[in-house]
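Subject: Structure handover

Hello,

Here is the structure I said I would pass on. Please open it alongside this note, which goes through the findings one by one.

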Amino acid sequence: MQRENRKNRGKSAHLQAISKSQNFLTSRRLLERIVRKSTISRHDTVLEIGAGKGHLTEALCRKAGYVYSVEIDRKLYERAKERLQDFSNIKMVCGDFMKYRLPNKGDYKVFANIPYNLTTKIVKKLTEDAHPPSEMWLVMEKGAAKRFMGMPTETKYSLLLKHRWKLEIIYYFSREDFHPKPSVDSVLLHFIRK
């Protein structure tokens, strides 16, 4: 019983940490603009990390052939599911992306506004998997994106990334684009597998 209570407290703390590092994009015009910057088409399967309230998921459903969206927060999952009920090209999963098994066959792409406190873990999971996506577009803190790109100085990790991936910042957000407004600058970082 004590072990289960500790486990539930740990899970609750994990969810709180994620929710505090999550900044939502809700402007339909902005979401359509950034999704248009991708190569996603009706022929593509897209994995989204964190449906949030479903705003980005909706833009992805309008552009992609099929969308898999993984959301850890039960309330957000239910809210997004309700928002997306008219779309037949989506499968929503309520669960922790860090425990989610990536597709082991077929081509897929990733587009996500990720929790900033999990940026490095998410990038490592996606780039080091045996069957990584062909392309990714990740909304993240600008400083993290520059570190991945080896700016201002190369690191061992940035060099390893560059061996397998081409990285480019393709959009700079205003802090006012998000709610709650983040205390850091954010960008859309594009990864193309070499």
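His55 sits in helix H3 (residues 55-63). Setting aside neighbours within four places in sequence, His55 is in contact with Leu25, Thr26, Leu31 and Arg83, where contact means heavy atoms within 4.5 Å.

Some notes on the basis of what follows. This is a predicted model, in which local features need pLDDT of at least 70 and side-chain atom pairs count only at pLDDT 80 or more, while totals for chains, interfaces and linings use all residues. Residues are numbered from 1 along each chain as its sequence is written, and side-chain values use heavy atoms, with hydrogens and water left out.

Overall picture

The protein chain has 7 helices and 9 strands. Helices (H or I, at least four residues) and strands (E, at least two) are DSSP runs, numbered from the N terminus. Of the 194 residues in the protein chain, 46% are buried. Among contacts between residues at least 6 apart in sequence, 66% join residues at least 24 apart. The accessible surface of the protein chain is about 10900 Å², and carbon and sulfur atoms account for 49% of that surface. Accessible areas come from the Shrake-Rupley method with a 1.4 Å probe; for residues, only the protein chains shown count as cover.

Helix H3 again

Cys61 is also placed in helix H3. Cys61 counts as buried because its relative accessibility is 2%. Not counting residues up to four places away in sequence, Cys61 touches Arg42, Val67, Phe87, Asn89 and Ile90. Of these, Arg42 is 19 residues from Cys61 in sequence and 9.2 Å from Cys61 in space, C-alpha to C-alpha.

Salt bridges

A salt bridge is a side-chain nitrogen of Lys or Arg within 4 Å of a carboxyl oxygen of Asp or Glu. By this rule there are 10 salt bridges.

- Lys109 and Asp44 meet through their side chains at 3.1 Å, N to O. This pair links distant parts of the chain, 65 residues apart: Lys109 is in strand E5 (residues 109-113), and Asp44 is in the loop between H2 and strand E2 (45-49). Lys109 counts as buried at 7% relative accessibility, and Asp44 is buried with a relative accessible area of 10%.
- Arg74 and Glu78 form a salt bridge at 3.2 Å, N to O. Arg74 and Glu78 are separated by about one helical turn, because they are 4 residues apart in helix H4 (residues 74-83). Glu78 counts as partly exposed at 39% relative accessibility.
- Asp185 and Arg175 form a salt bridge at 3.0 Å, N to O. This pair links distant parts of the chain, 10 residues apart: Asp185 is in the loop between strand E8 (178-179) and strand E9 (186-193), and Arg175 is in the loop between strand E7 (165-172) and E8. Asp185 counts as partly exposed at 33% relative accessibility, and so does Arg175 at 31%.

Salt bridges that share partners also join Asp44, Lys109 and Glu135 into one network.

Cis peptide bonds

Most residues other than glycine have a negative phi, and most peptide bonds are trans. A cis peptide bond joins Met151 and Pro152, with omega about 5°. Pro152 is in the loop between helix H6 (142-148) and H7. Another cis peptide bond joins His179 and Pro180, with omega about -10°. Pro180 is in the loop between E8 and E9.

Exposed residues

Which residue of helix H7 (residues 156-164) is described here? His163 lies in that helix. His163 is exposed, because its relative accessible area is 64%. In sequence His163 and Arg193 are 30 residues apart, and in space 9.4 Å apart, C-alpha to C-alpha.

Arg29 lies in helix H2 (residues 28-36) and counts as exposed at 66% relative accessibility.

Regards

Notes: Buried means under 20% relative accessible area, exposed over 50%, partly exposed in between (1.4 Å probe, protein chains only).
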